[in-house]
Amino acid sequence: MTRHANAPIPRAPLPARPVDLLAVGCGPFNMGLAALSSTVPELKAFTVDAAEDFRWHPGLMFEDARLQVSFLADLVSLVDPTHPLSFLAYLADQDRMYPFYIRERFHMMRSEYEDYLRWALAQLEQVAFGQRVELVEWDAAAEQFMVRLRATDGGTASLPARNLSVGIGTAPWVPELVEGVERSRWMHSAQYLARVDEVDAAQTVTVVGSGQSGAEVVLDLLRRRPGPRPGIRWLTRTASFAPLDYTKLVLEMTTPSYVKHFHALPEATRDALVANQWRHYKGISTDTLEAIHDQLYSRAVAFGEVDLELRVATELRGVQRSDAGVTLRCHDRVADHGFERDTDLLIFATGYRHRQPTFLEPLEPLLQRDAAGRLDLDLDHAVRSDPSLGGKVFVVNADLHSHGVAAPDLGICAYRNARIINTVLGRAHYRLPERTAFTRFGHHLDHEGARGAEAESRITKRESAA
């Protein structure tokens with residue numbers, strides 16, 4: 001068996017000829033696109049990434065952390081289960097098939113998933129790391145995009161591409177409240193393991209945010225700080241430390257059937273739905289919540305009262321440097337009451353925001369946006385554009401507003417990429433699953449979730465009446 005965590009990633013030379021599809025960014029979603037494209041001989045695809053190497057959430061790579069989705073949500077299996085880059089193929093190559101079978105858990109370890117991705121990358125020839133996209137322009141005469149690249153060694157190149165897939169990922173987000181406070185006093189949860197020495201040195205640590213990342217940080221803090229005075233505070237704006245809603249019929253909202261239904265809805269309806277569906281992708285796994293409670297209960301048995309503070313419905317309204325470290329100005333949203341807390345170190349588990357693809361600025365006049373200023377995407381994940389733009393710009397994992405709660409879910413990765421490949425080829429190379437849910441989403445859709453002309457007519461009439 002081979003560990004791929006430290007193995008070098010092959011660096012493919014840039015293509016000498018135009019490609020049919022250039023993927024910008026090589027996270028799991030565009031990596032899945034590269035994997036599915038690798039077995040389509042007539043499709044010339046290539047992938048570039050600005051990073052020197054691939055790592056997947058290293059700051060939160062806890063030893064026992066697991067994915068929250070089944071191993072079938074790998075790069076390829078949900079549309080091509082016999083693909084040579086499936087997770088089962090990885091297990092067979094690592095001679096770990098029987099241990100995984102006997103383990104009887106559908107969920108990969110997080111470190112195992114990263115190792116699988118690096119294993120797949122080592123076999124993908126058409127991927128180049130260390131290549132940053134600086135600018136994309138449309139060459140109308142040649143009917144292709146001209147993509148300007150800059151390598152990490154400073155060299156530049158221009159790569160023609162007929163279509164693009166933009167998957168540049170997300171960046172850690174922290175509130176503006178922290179501006180002016182020394183970086184030594186705060187961090188984002190994405191940096192947690194890289195700065196764990198600072199965590200250990202702090203007497204009091206406050207975690208803000210109650211998604212999976214925040215919960216995992218709190219659990220690790222409890223494990224690292226035995227005894228009755230761990231000096232941990234955990235604050236969240238939400239009304240509870242809410243679990244992910246992963247019940248079976250709710251999970252059907254991450255299927256292609258629901259994506260088709262959601263995409264057909266008016267923009268305002270989609271936005272209202274997403275605002276109320278945060279527990280489908282921002283909650284905490286029940287295993288993590290139970291592990292935290294076990295830690296708290298065992299300390300209560302051993303020590304009685306424990307120096308620990310967990311607060312819900314609490315909004316952080318101010319952060320300032322103080323002699324004690326950092327003073328937090330908090331507000332109880334239910335009692336409508338303000339209070340302060342001092343802490344040595346503040347950890348923001350406040351999630352991520354999509355990076356804005358500034359390299360698309362020359363195309364901006366040709367790209368359509370919705371009423372909220374977001375890229376307007378069709379069902380195939382291509383940005384709707386002016387007819388003069390002959391190539392398509394596909395967007396992956398930045399389509400929550402248009403395709404619903406499945407957008408960040410690894411389970412939609414293979415399906416979305418298969419749709420993109422079929423669209424680029426102009427034919428159905430990959431047979432897409434049709435019956436993906438027992439639930440019938442919307443009276444205007446048939447049991448397969450297909451959007452029909454009659455459905456579109458009814459939606460149009462409702463919008464006009466409104």
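N397 touches F29, H354, A407, P408 and R416, residues up to four places away in sequence being left out of the count; contact here means heavy atoms within 4.5 Å. The position of N397 is in the loop between β20 (393-395) and α11 (400-403). Helices (H or I, at least four residues) and strands (E, at least two) are DSSP runs, numbered from the N terminus. N397 counts as buried because its relative accessibility is 19%, where buried means under 20% relative accessible area, exposed over 50% and partly exposed in between (1.4 Å probe, protein chains only).

The model is predicted, so local features need pLDDT of at least 70 and side-chain atom pairs count only at pLDDT 80 or more, while totals for chains, interfaces and linings use all residues. Residues are numbered from 1 along each chain as its sequence is written, and side-chain values use heavy atoms, with hydrogens and water left out.

**Strand β18 and its partners**

In strand β18 (residues 345-348), L345 and I347 point one way, L346 and F348 point the other way, and all are buried. In a regular strand the side chains alternate between the two faces of the sheet. Strand β11 (residues 186-188) runs parallel to β18 and is joined to it by 3 bridges; two strands pair if DSSP finds at least two bridges between them. Within this pairing, M187 has I347 of β18 as its bridge partner. Strand β12 (residues 205-208) is also parallel to β18, with 4 bridges between them, and T206 stands opposite L346.

**The β6-β7-β8 sheet**

An open sheet is formed by 3 strands in the order β6-β7-β8, with antiparallel pairing. Its edge strands, β6 (131-139) and β8 (156-161), each pair on one side only. On average, neighbouring strands of this sheet are turned by 25 degrees against each other, direction ignored; the axes are lines fitted to C-alpha atoms, for helices over the stretch in contact, and angles run from 0 to 180 degrees between N-to-C directions. Strand β7 (residues 144-151) pairs with β8 in the antiparallel sense over 6 bridges, and F145 stands opposite A161 in β8.

Helix α8 (residues 256-263) is largely enclosed by the rest of the structure, because 8 of its 8 residues are buried. Among them are Y258, V259, K260 and F262. The cover over the buried residues of α8 includes α9 (267-276), α11 and α12 (413-425).

On the surface, L88, M97, Y98, Y101 and I102 form a nonpolar patch with about 570 Å² of accessible area together. Accessible areas come from the Shrake-Rupley method with a 1.4 Å probe, and for residues only the protein chains shown count as cover. Helix α3 (residues 97-103) contributes the largest share of the patch, 4 residues.

**Residue R11 and a comparison of accessibility**

R11 is found in the segment before β1 (21-24). Leaving aside neighbours within four places in sequence, R11 is in contact with E52, V127, F129 and G130. The C-alpha atoms of R11 and V48, 37 residues apart along the chain, are separated by 9.8 Å.

| Residue | Relative accessibility | Class |
|---|---|---|
| N397 | 19% | buried |
| R11 | 46% | partly exposed |
| Y98 | 62% | exposed |

Note on methods:
Patch = residues over 30% accessible without salt bridge, like charges linked within 9 Å, V, L, I, M, F, W, Y side chains within 5 Å. Salt bridge = Lys/Arg side-chain N within 4 Å of Asp/Glu carboxyl O.
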